[in-house]
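Here is a short briefing to read alongside the sequence and the 3D view. Keep both open and follow the topics one by one.

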Amino acid sequence: MSQFGFLLNSAATIKIGLKGSPSHDLLQSFFFLITLALAAHSSAQTPCPADGDFGLECSPFMNSMPMNFIQAIGSHNSYKLAIPAAELELIGNYRAQSAITLDYSHLALTQQLELGMRQIELDIVYDPEGGRYADPLLAKQTIGLSGSKLYDNSNMKQPGFKVLHAQDLDVRSNCDTWIICLTEIKNWSDKNPLHVPILIIFNAKTGGSAYPGTTDALSFDSKAFDDLDQELLSVFNKKQLITPDDVRGNFPTLKEAVIKNGWPSLATARGKVFFALDEGPEKVKIYSRGNASLQGLPMFVNSVDEQADHAAYFTMNNPLQDRARIRAAVKSGFIVRTRADANTIEARTNDSSRREAAFSSGAQYISTDYYQPRLEFSEYSVSLPGNRVARCNPLLFDLDCSAR
């Protein structure tokens, strides 16, 4: 039986079984299967590139399904370079656990994308005048000490958003500014136009640290987010983005569009990126600038809850605690990012329980610090079976990519 026939047969079976007052789950399953069946049928002739992210497993059926029906790996704090030993020692002297938590680093963004990362995370600070973060405290305090490293601030003096983890303490980045990071991603994307959609999430860092003598990060107001959007659109044009307007279409709210109409097809989304502000309700409200469904804005936001007009994307970082909520969100049509590991714990203990919970949760993007193992810790690493770049979402499909 063809995939289309299988789906229609499955949907018909569910429909026949609905008697009296059908449950919400059965109705949801019915409409889910009908939607997928029609999409597969209407796009059956969509060419499926052999060199796309699914490789030889790619098929017209997979290209026709919505972009949220896949699962891919990404990296946590993707920009972060290792803290020099002398600086890490100062952090450890102040708070030992912080030194353990911060002891990780990443390859250049291009290398990560080549390895198959399809979610990138950046932390940004606002620097409208330039130079606010150009002279970090620990780099100054450790000059000349064993294990020290000179800090290159050549990209930190001009106005614009900077990319770093914690001002004065954990400042070294493989791309120092928002524009440099985005340009690197765009250049790779332009050379690999068949990639599955790349999710770029970011934290808008504000406030200070308990560590004495550090500089506070400036607050983000509507002007700051205006400037951020402008920098983004100076790198990516709107045709290269998946935006809230693209998903909402003619529906009154973004949430309603996601639930009733779904996301763009994988074929449509190939070669594109989409952005999400990974923050709480206060910053989400400021970023929205009065647009309840993010009308006219280039980025999604971490949804306040499943009922919000802007609901489309969620960060749910603990798949052990949040498993039920993640699964419910994914089944409803939302996109979720979760984490397979955190704070170097899983790598140090070779504990795979959180990683396996992340896979089985159905979250579309699973973030890790260990797409490659750190062998002085353990053999712990995170990858999809067969080292695929992306696969059919295991919450929605069986192993052969037939719909559940």
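This is a predicted model: local features need pLDDT of at least 70, side-chain atom pairs count only at pLDDT 80 or more; totals for chains, interfaces and linings use all residues.

Contact here means heavy atoms within 4.5 Å. The chain has 404 residues, and buried residues make up 54% of them. Its secondary structure consists of 16 helices and ten strands. Among the contacts with a separation of 6 or more, 72% are between residues 24 or more positions apart.

- You will find Met-156 in the loop between helix 7 (137-141) and strand 3 (162-163).
- Is Met-156 buried or exposed? Its relative accessibility is 1%, so Met-156 counts as buried, the cut-off being under 20%.

**Helix 8 against helix 9**

- Two packed helices are described by the angle between their axes and the distance between the axes.
- For helix 8 (residues 178-191) and helix 9, the axes come within 9 Å and cross at roughly 30°.
- This crossing of helix 8 and helix 9 is right-handed.
- Which residues meet here? Helix 8 brings Trp-178, Ile-179, Leu-182, Thr-183 and Lys-186, while helix 9 brings Leu-228, Glu-231, Leu-232, Ser-234 and Val-235.
- By class, the residues of this contact between helix 8 and helix 9 are six nonpolar, two polar and two charged.
- Ser-189 also lies in helix 8, and it counts as buried because its relative accessibility is 5%, with the cut-off at under 20%.
- Beyond its neighbours within four places in sequence, Ser-189 is in contact with His-195 and Gly-271.

**Helix 9 against helix 13**

- Helix 9 (residues 222-235) also pairs with helix 13 (residues 281-288): their axes come within 8 Å and cross at roughly 65°.
- That angle makes helix 9 roughly perpendicular to helix 13, a description that covers angles of 65 to 115 degrees.
- The handedness of the crossing between helix 9 and helix 13 is right-handed.
- On the helix 9 side the meeting residues are Ser-222, Phe-225 and Asp-229, and on the helix 13 side they are Lys-283, Ile-286 and Tyr-287.
- Sorted by class, this contact of helix 9 with helix 13 has three nonpolar, one polar and two charged residues.

**Helix 16 and what it packs against**

- Helix 16 (residues 353-361) has these buried residues: Arg-354, Arg-355, Ala-357, Ala-358, Phe-359 and Ser-361.
- What do the buried residues of helix 16 pack against? Their partners are strand 1 (70-75), helix 14 (323-332), strand 8 (335-339), helix 15 (345-349), strand 9 and strand 10.
- Just after helix 16 comes Gly-362, with a positive phi of about 90°.

- Arg-289 is a residue other than glycine with a positive phi, near 50°.
- Look for Arg-289 in the loop between helix 13 and strand 6 (299-301).
- Arg-289 is partly exposed, because its relative accessible area is 23%, which falls between the cut-offs of 20% and 50%.
- Thr-344 is not a glycine either, and its phi is positive at about 70°.
- The loop between strand 8 and helix 15 holds Thr-344.
- With a relative accessible area of 1%, Thr-344 is buried.

**Arg-388**

- Where is Arg-388? It lies in the loop between strand 9 (365-368) and strand 10 (390-392).
- Arg-388 has a relative accessible area of 30%, so it is partly exposed.
- A polar atom of the Arg-388 side chain lies 3.0 Å from the backbone oxygen of Pro-385.
- Arg-388 and Gly-116 are 272 residues apart along the chain, yet their C-alpha atoms are separated by 7.8 Å.

Notes:
Residues are numbered from 1 along each chain as its sequence is written. Side-chain values use heavy atoms; hydrogens and water are left out. Helices (H or I, at least four residues) and strands (E, at least two) are DSSP runs, numbered from the N terminus. Buried means under 20% relative accessible area, exposed over 50%, partly exposed in between (1.4 Å probe, protein chains only). A polar contact is a pair of N or O atoms within 3.5 Å; within protein, one must be able to donate a hydrogen and the other to accept it, and residues adjacent in sequence count only if both atoms are side-chain atoms. Axes are lines fitted to C-alpha atoms, for helices over the stretch in contact, and angles run from 0 to 180 degrees between N-to-C directions. Angles under 35 degrees count as roughly parallel, over 145 as roughly antiparallel, 65 to 115 as roughly perpendicular and the rest as oblique. A crossing is left-handed if the near helix is turned anticlockwise from the far one by less than a right angle, and right-handed if clockwise. Ala, Val, Leu, Ile, Met, Phe, Trp, Tyr, Cys and Pro count as nonpolar, Asp, Glu, Lys and Arg as charged, and the others, Gly among them, as polar.
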